[in-house]
Amino acid sequence: MPNDRNMQILLIEDHALVRGLIANHLRGQFEQCEIIEADSLAKLLTLAHKIAEVKLAIVDLELPDGNAIEWIEGAASQYPELRVIVLSSVNQDVILYRALRCGVAGFVHKSDDLDLLQTAIKAVLGGAGFFSPNIQKMRAAMSAHPDFFAKILSEREQAVLRCIAQGLSVPEIASVLGVSENAIRKHHHAVMGKLGIHNDQELTLYAVRKGFVQPHPGRSVN
């Protein structure tokens with residue numbers, strides 16, 4: 001485990017109260033460590049020069065200016081020594097799936113207690129991984145569900161679904177994905193058939209519920 005004097009911990013959490021509680025807990029465990037705090041993706045950009053030296057990041061996924069999952073995916077290649085623990089209340093299939101696939105070292109749900117976060121930190125700093133029981137249950141439920149999106153939709157179909165839910169037209173999707181408009185129409189039809197959905201409004205609601213896209217402000221998803 002790194003010496004406290006040399007250890008830097010990146011704490012990404014937008015709620016000041018929660019961030020303060022976690023920071024105080026970390027200082028109690030690692031008295032001489034440096035805690036680098038960020039409350040948004042924009043703030044992370046200003047800290048790029050510091051993150052290169054950080055060995056541990058505790059990351060809340062849902063930030064005011066976007067979801068941190070893409071930052072984590074990029075950090076895996078940009079900062080190969082960085083170990084990431086996700087601390088989030090996320091329950092959307094796609095976000096959880098992406099977080100687990102991008103090599104995070106730990107994942108603790110916000111409904112878990114602080115002791116589990118401490119256990120995760122010790123495990124990850126010791127070179128192991130840690131996924132709380134709540135996260136393990138969610139992962140098992142996804143894997144066992146016959147209609148889990150990753151079992152029935154190809155990577156390309158998932159990309160088309162995401163673009164449709166973002167409101168892009170067929171020509172725009174074709175341009176983004178680098179394929180023909182006819183191919184996009186075929187994928188579109190295949191996605192609706194596999195999901196048993198009959199129009200783009202229902203398709204968008206499905207995409208928001210699963211986490212392919214984030215809901216617009218004021219939109220409720222049933």
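**Strands β6 and β7.** I began with the pairing of strand β6 (residues 83-88) with β7, which in this predicted model runs in the parallel sense over four bridges. When I looked up the partner of isoleucine 85 in β7, I found glycine 106. I then followed the chain from β6 through helix α5 (residues 93-101) to β7, and I noted that this β-α-β crossover is right-handed.

**Side chains of β7.** Which residues of strand β7 point one way, and which the other? Gly106 and Val108 point one way from the strand (residues 106-109), whereas Phe107 and His109 point the other way, and I found all of them buried. I set beside this the general rule that in a regular strand the side chains alternate between the two faces of the sheet.

**On to β8.** Next I looked at strand β8 (residues 130-131), which two bridges join to β7, the two strands running parallel. Phenylalanine 107 stands opposite phenylalanine 131 in β8, and I also found arginine 139 over the face of phenylalanine 131, at 4.9 Å from the ring centre. For the handedness of the unit made by β7, helix α6 (residues 114-125) and β8, I recorded left-handed.

**The whole sheet.** I traced the strands as an open sheet of six, in the order β2-β1-β3-β6-β7-β8, with parallel pairing. Why is one side of β2 and of β8 left without a neighbour in the sheet? Both β2 (34-38) and β8 stand at the edges, and each has a single partner strand, so one side of each has no neighbour there. Elsewhere in the sheet I checked strand β1 (residues 8-12) against strand β3 (residues 56-59), which pair in the parallel sense over four bridges, with leucine 10 standing opposite alanine 57 in β3. Helix α6 lies across β3, β6, β7 and β8, and I noted that α6 runs at about 165 degrees to β6.

**Aromatic pairs.** How many aromatic pairs does the structure hold? I recorded four, and the one I looked at in detail is that of phenylalanine 149 and phenylalanine 212, which is edge-to-face, at 5.2 Å centre to centre and with 75 degrees between the planes. Phenylalanine 149 lies in helix α8 (residues 149-152) and phenylalanine 212 in the segment after α12 (200-210), so the pair ties together parts that are 63 residues apart in sequence.

**Serine 143.** I looked up serine 143 next, which is found in helix α7 (residues 133-144) and, at 46% relative accessibility, counts as partly exposed. Taking alanine 76 as a reference point, I noted that serine 143 is 67 residues from alanine 76 in sequence and 24 Å away in space, C-alpha to C-alpha.

**The chain overall.** Of its 222 residues, 45% count as buried. Among the contacts with a separation of 6 or more, I noted that residues 24 or more positions apart account for 62%.

Note on methods: Residues are numbered from 1 along each chain as its sequence is written. This is a predicted model: local features need pLDDT of at least 70, side-chain atom pairs count only at pLDDT 80 or more; totals for chains, interfaces and linings use all residues. Side-chain values use heavy atoms; hydrogens and water are left out. Rings of Phe, Tyr and Trp (its six-membered ring) pair if their centres lie within 6.5 Å; planes under 30 degrees apart count as stacked, over 60 as edge-to-face and the rest as tilted. A charge sits over a ring if NZ of Lys or CZ of Arg is within 6 Å of the ring centre and within 35 degrees of the ring normal. Buried means under 20% relative accessible area, exposed over 50%, partly exposed in between (1.4 Å probe, protein chains only). Two strands pair if DSSP finds at least two bridges between them. A crossover is right-handed if, with the strands pointing away from the viewer, the path from the first strand over the helix to the second runs clockwise. Contact means heavy atoms within 4.5 Å. Axes are lines fitted to C-alpha atoms, for helices over the stretch in contact, and angles run from 0 to 180 degrees between N-to-C directions.
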